[in-house]
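The following exercises concern a single protein chain.

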Amino acid sequence: MKKKIITIAAIVVVCVILAVLYLWYNGNYAGKKKLQLTPLPTMEYEWQKVASDNGIVGDYLWQRTREYLVKECGENDMIPSYYIIPGRLTTQPGQSSEVYLLEDQAALLKMYVRSNERIAASGLKKSVEKNIDISAQDNMSKVAWLSACLYYYDAYGTKADYTDIQKQVEGLFDSNGQLVPEKLNAASYQEGAFTAMEDTSGVDADSVTGSLTDPIGETSGDMYTFEGVRVSSIDLRLVKDLEASGLLPEGSYERNLALVKNAIVSNTIHLYAYAYTGTDEVSYIYAHYVPASVDVNESVYTMLNLARVGELPEDCYTWIKSNVMNSGRLKDTYYLIAGNTDGNEAVKAYPAIMEMAFLREDKDLYGKICVLEGQQVATYNNSPALSMIYREENGRYVLYARENLAISLMVY
C-alpha cells in the first residue's frame, strides 16, 4: 500500500511539473512570431587569416574583451565606453570611463548571440533595461539597441521580448516608417552664413559666401540646435528587416533608402550629409562639428548602411579606398572650400571600412585596414590588454569598447 502511495505521489509531482512547464512554455514561446532577419555576415578562414596575420585573432580578441573590459572593468554585466589601463607609474592606476553607452551594450549583446552565450546575453539585456533609460537615448543608440534585440529575440527571445520590440519601434519611427526627429547640433560660422545647403548639386567655393572666404581653421564657429534626423542613424538593413517582418509599413525601406541616397553632397564630392530636416520638403545639413566641412566618420557610417543592403555607389567606395590606400591613413574632416581632407585620423571609421571592404570582397582595402588596426593590438605578454586593440592618448593606453567589439563581430 505504501509503495502504491509513493508511486501515485511521484506521478502527481511529475504531472504538476509537466503542467508548470507547459504553462511556462505556452506563456513565453507558443505562437512566437517569426522575424525575417538578414543574417549577420560571417567570415571564412581566408579572411580571418588576413586579420590574424596582422595580430587580430578573433577568439583572443573576444575573450579578452569579455574577460577584461566586461568582467574586470565593467559593472552590472555591462561594458564601459573605454578603459585606461594602468600606467607604469604608481600614480597612474587604471581608470574606467564609468559611462555605459547603449550602443556599446548593443554590440556586446550581438556578440553574445554570435558566440551563442545565452545566459550572458539574457543577463546583459536585463541589466541594460534596469540601469539605462533607453527612452532618453539618441536615435543612433536606440537603433543599435533595437537591432541587437531583434537578433536576441530570433535566437532566444520570448513573446514578452517581441512586445518590447514593438514598443521600441513605435517610439523610434513615425507612421511612414521614418525615424522621429530629435534635437541635434551642428556647426555654423558666428558671422553668418553657412548652416546648410538645400541644393546638393552645386557645392563649390563660388556658391558659398560670407565667412567661408576666410582661411580654414582661422574662423571660429558656433554650434546651433535643430530638429532633424542624423543620416548615419538610418540603419537600412534594420528598416528592411522590420518591414519584411511586418513591424513597419510597406514602403518604409524605399522611403528611407531615398533619404539616404539623396544625402550625397554632390556629383563630385562623394560624401554624405550629417542630417536632414523636414518631411515634405527635406533639407540637408552638411556640417557637423566644423563649419563648411563634411564629417568623414559620419559619412563612412552612412556608407556602411548603404553597403549592407548593396546600395553603396561605386564612386563613394572608390573615394574611401583611394584615400586610405594612397595616403595610408584617413582624416576625419573634408573641407568644402579647400577640397581636401584634414584633421585627426578617422580611426572611428576603420571598423566600418573594414566591413565594407569585406562585403565587397576587396582584400586590398580589407588588408590595409587590418594593417592599421593590427598596429594597435597589444602584444606584450604581461599587458592586461593583450590581444586587444588600444589607442595611445596623452601618454596612456586606452581600450575603446566600440572598436574592440566591432572588430570582434567581424572576425570571430
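**Exercise 1. Classify both partners of the contact between arginine 402 and glutamate 103, and locate them in the chain.**

Step 1. Glutamate 103 has a relative accessibility of 23% and therefore counts as partly exposed. The classes are buried (under 20% relative accessible area), exposed (over 50%) and partly exposed in between, with a 1.4 Å probe and protein chains only.

Step 2. Arginine 402, at 40% relative accessibility, counts as partly exposed.

Step 3. The closest N and O atoms of arginine 402 and glutamate 103 are 3.9 Å apart, and the two form a salt bridge. The term requires a side-chain nitrogen of Lys or Arg within 4 Å of a carboxyl oxygen of Asp or Glu.

Step 4. This pair links distant parts of the chain: arginine 402 belongs to helix α14 (residues 401-411) and glutamate 103 to helix α4, 299 residues apart. Helices (H or I, at least four residues) and strands (E, at least two) are DSSP runs, numbered from the N terminus.

Step 5. Helix α14 itself is mostly covered, with nine of its 11 residues buried. Among them are Ala401, Leu405, Ile407 and Val411.

The model is predicted: local features need pLDDT of at least 70, side-chain atom pairs count only at pLDDT 80 or more, and totals for chains, interfaces and linings use all residues. Residues are numbered from 1 along each chain as its sequence is written, and side-chain values use heavy atoms, with hydrogens and water left out.

**Exercise 2. Trace the network of salt bridges that contains Arg66, Glu67, Lys71 and Glu117.**

Step 1. Begin with arginine 66 and glutamate 117, a salt bridge whose closest N and O atoms are 2.6 Å apart. Arginine 66 lies in helix α3 (residues 58-72), and glutamate 117 lies in the loop between α4 (102-114) and α5 (118-131), so the pair ties together parts that are 51 residues apart in sequence.

Step 2. Check the accessibility of this pair: arginine 66 and glutamate 117 are both buried.

Step 3. Proceed to glutamate 67 and lysine 71, which form a salt bridge with closest N and O atoms 3.4 Å apart. Both residues lie in helix α3, four residues apart, about one turn of the helix.

Step 4. Glutamate 67 has 26% relative accessibility and so counts as partly exposed, whereas lysine 71 is exposed, with a relative accessible area of 58%.

Step 5. The structure's count comes to 16 salt bridges.

**Exercise 3. Determine how the rings of tyrosine 224 and phenylalanine 226 are arranged, and find charges placed over rings.**

Step 1. The structure holds 11 aromatic pairs. Rings of Phe, Tyr and Trp (its six-membered ring) pair if their centres lie within 6.5 Å; planes under 30 degrees apart count as stacked, over 60 as edge-to-face and the rest as tilted. For tyrosine 224 and phenylalanine 226, the centres are 5.6 Å apart and the planes stand at 35 degrees, so the pair is tilted.

Step 2. Tyrosine 224 is partly exposed at 21% relative accessibility, while phenylalanine 226 is buried at 10%.

Step 3. Trp47, Phe358 and Tyr366 form one aromatic cluster. The charged end of lysine 363 sits over the ring of tryptophan 47, 5.3 Å from its centre. This assignment requires NZ of Lys or CZ of Arg within 6 Å of the ring centre and within 35 degrees of the ring normal.

Step 4. Lysine 32 lies over the face of tyrosine 153, 4.6 Å from the ring centre.

**Exercise 4. State the totals for the chain.**

Step 1. The secondary structure comes to 14 helices and 11 strands.

Step 2. Of the 412 residues, 50% are buried.

Step 3. Among contacts between residues at least 6 apart in sequence, 69% join residues at least 24 apart.

Conventions: Contact = heavy atoms within 4.5 Å.
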